[in-house]
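Hi everyone, thanks for coming.

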Amino acid sequence: MSKREILFVEAIREALREEMRRDEAVFLMGEDLRIWGAPLGQTKGIWDEFGDKRVLDTPISEMGFIGAGAGAAALGSRPVVELMFIDFFGIAGEQIFNQAPKLRYMFGGRMKVPMVIRTLIGAGMSAAAHHSSSAYSIIAHMPGWKCVIPSNPYDAKGLLKTAIRDDDPVMYFEHKMLLNTKGEAPEEEYTIPLGEAAIKREGEDATVVALAWMVHKALKAADTLSEEGINIEVIDPRTIVPLDKKTIINSVKKTGRLVVVDEDHERCGLSAELSAIVAEEAFDSLKAPIKRVATPTVPIPFSPVLEDAVIPNEDRIIKAVKEVTSYKASK
Amino acid sequence: MEINKEKLLEMYRGMFVIRHFETKTKELFAGGKIPGFVHLYSGEEGVAVGVCSALRKDDYIGSTHRGHGHCIAKGGDVKYIMAELYGRETGCCRGKGGSMHIADFDVGIMGASGIVGGSIPLITGAALHFKYKETDQVAVAFFGDGATNQGSFHESINLAAIWDLPILYVCENNKYAESTSISSVMRVKTVADRAEAYGVPGITVDGNDVVAVYEAASDAVERARKGKGPTLLECETCRHHGHFEGDSGTYRTKEMVEECKKRCPIKRLGKFLEDEGFATKQEIEDIEKDVEREIAEAIEFADKSPWPKPEDALKDVFVTPYY
Ligand SMILES: Cc1ncc(C[n+]2csc(CCOP(=O)(O)OP(=O)(O)O)c2C)c(N)n1
Ligand SMILES: [Mg+2]
């Protein structure tokens, strides 16, 4: 395979373009996709190639166009719909929670809804409480959505292509702090299956599970820790529905310790879910209590000082790893 | 309607405060002093000032992502608004809200929203509260043309119509929602046309004519105070800058922006004041100097203000602290 570096945002554009060329049923729908190319350029240039028919600019009517996407998908279209920021899910909540993901089940499995929603997540830009959420835990909590959360351009492209080809509703989360990061991705066509975690770094002292932006923070923490002789294994699940439990469990069986790093809120969040799975399925291997490094359950504040105080960072990850690696049972 | 010199000069000052505040905000954002997303109100001052000049201090407004102008016009202190944009502890929301979430209930600012259409139901609730309490206060919902495609707009105005709530729905029609022109996402000709569907009066005024806005708003406010229900007031306007700071603005030609700047509501009122003998050039310049001093003080205040304490990030989720 050829070596090549591309931006995360280019990976998204390439995946969209390739799938639109491959399959006439694929079209894009959302706010400001044409001239603007979406708020961070994710669809830039696509309208120039495919025109009005395949790229629909919508009014600011999230419930309407997301529901319409699901309806069109139910009859065989394959819309890729943009919900500009995940924080806006409340407006489309009825269609996102009650319609799109439940239709197939309610109707006895006799139809399918092959729609993708692409949406921006994450903090780091002082964008405050209405533009900084992660919220994938809420989506994953509801039955019916597959959830893809890539951390690098290679995964972003391969997983988006798979998501578009998947026959179920898929929510695809783009972290805003990653869109301008670079990474290797071959020119040649490839896809990545949903439900396969990536082991980003091998280690034996503790398992650290992280997604999206947090993968990068965990890897930095790993560098610092290794200087002190602590070697962590960093696992990026890449998709949380379906979830590659096996890779996580096997790692914990090796290391005996788990730290879950999660930008989503701590209460009832993904970090709780992953901790529960490991407690249930790898209890005998655990040498220390599981630790969570998550965002406290408060709206994301505006001021950089406050935002930094709530979003997990390297220091918090390092501290948590040291706690689990130095843990001694009291009895 | 009789309109006196004092009111006219007050409106001039109000618009100039907003303009100068935004000009400085633009510079401060570019210089890295103000973080986050910033949507400037420059060019639309005639709307906020015209409408808020028809209100009392105890009336309430609901604002938008483009909200600095609303908050200043309603009587928000520029010091505390600037400190909020800086993310400082002294900001009107203690640094938790920022540009898109300014509120000050003490002067009737019920809050801006980062969600387009998000504040319309809330301020409709303020009107419901006034009616329930049998006060004669009035509420004003500010929102853009783009927001009128949200369900929240349609549901709210219908509620207000059937309950005769004391509220004005003020649409700032700057013809664009980000890069999307309103004519491409709305089949009726004007936003005011939408009022008919709800049995509410719909009026379109030139938003660059602050006096016309003031007069139309005054009529609608009187209607609302008398218990005769809501009005949809569409103000035609345009923004001088991009959608937010950083927008390349390629969807509008240079000529369109130049044309927009020519219709500046501040220049227009200034000319009117001089032509009609309400004020001399000197009087106008004195006002502007005074405003520049006031904004400079606000910036200094923000600059010298302390950052919030990190632990405060966990406060104020609930009234009864538990976290
Ligand atoms: C629910 C929701 N959808 C989309 C956005 C992104 N967005 C922010 S401002 C804006 C355009 C709003 O247009 P308009 O209501 O006309 O107000 P203007 O910006 O022109 O003042 C959009 C689409 C948002 N903040 N909230
Ligand atoms: Mg607009």
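Glu294(B) forms a salt bridge with Arg13(B), and their closest N and O atoms are 3.1 Å apart; by salt bridge I mean a side-chain nitrogen of Lys or Arg within 4 Å of a carboxyl oxygen of Asp or Glu. This pair links distant parts of the chain, with Glu294(B) in helix 10 (residues 281-304) of chain B and Arg13(B) in helix 1 of chain B, 281 residues apart. Helices here are DSSP runs of H or I with at least four residues, numbered from the N terminus. Glu294(B) is partly exposed at 24% relative accessibility, and Arg13(B) is partly exposed at 27%; buried would be under 20%, exposed over 50%, with a 1.4 Å probe and protein chains only.

A word on the source: this is a predicted model, where local features need pLDDT of at least 70 and side-chain atom pairs count only at pLDDT 80 or more, while totals for chains, interfaces and linings use all residues. Residues are numbered from 1 along each chain as its sequence is written, chains are lettered from A and ligands numbered from 1 in the order in which they are written, and side-chain values use heavy atoms, leaving out hydrogens and water.

How many salt bridges does the structure hold over all chains? There are 51.

Back to helix 1 of chain B: its residues Val17(B), Phe21(B), Thr25(B) and Leu28(B) meet Val78(B), Ile81(B), Met82(B), Leu85(B) and Tyr86(B) in helix 4 of chain B, where contact means heavy atoms within 4.5 Å.

Notes: Helix = DSSP H or I, 4+ residues; strand = E, 2+ residues; numbered from the N terminus.
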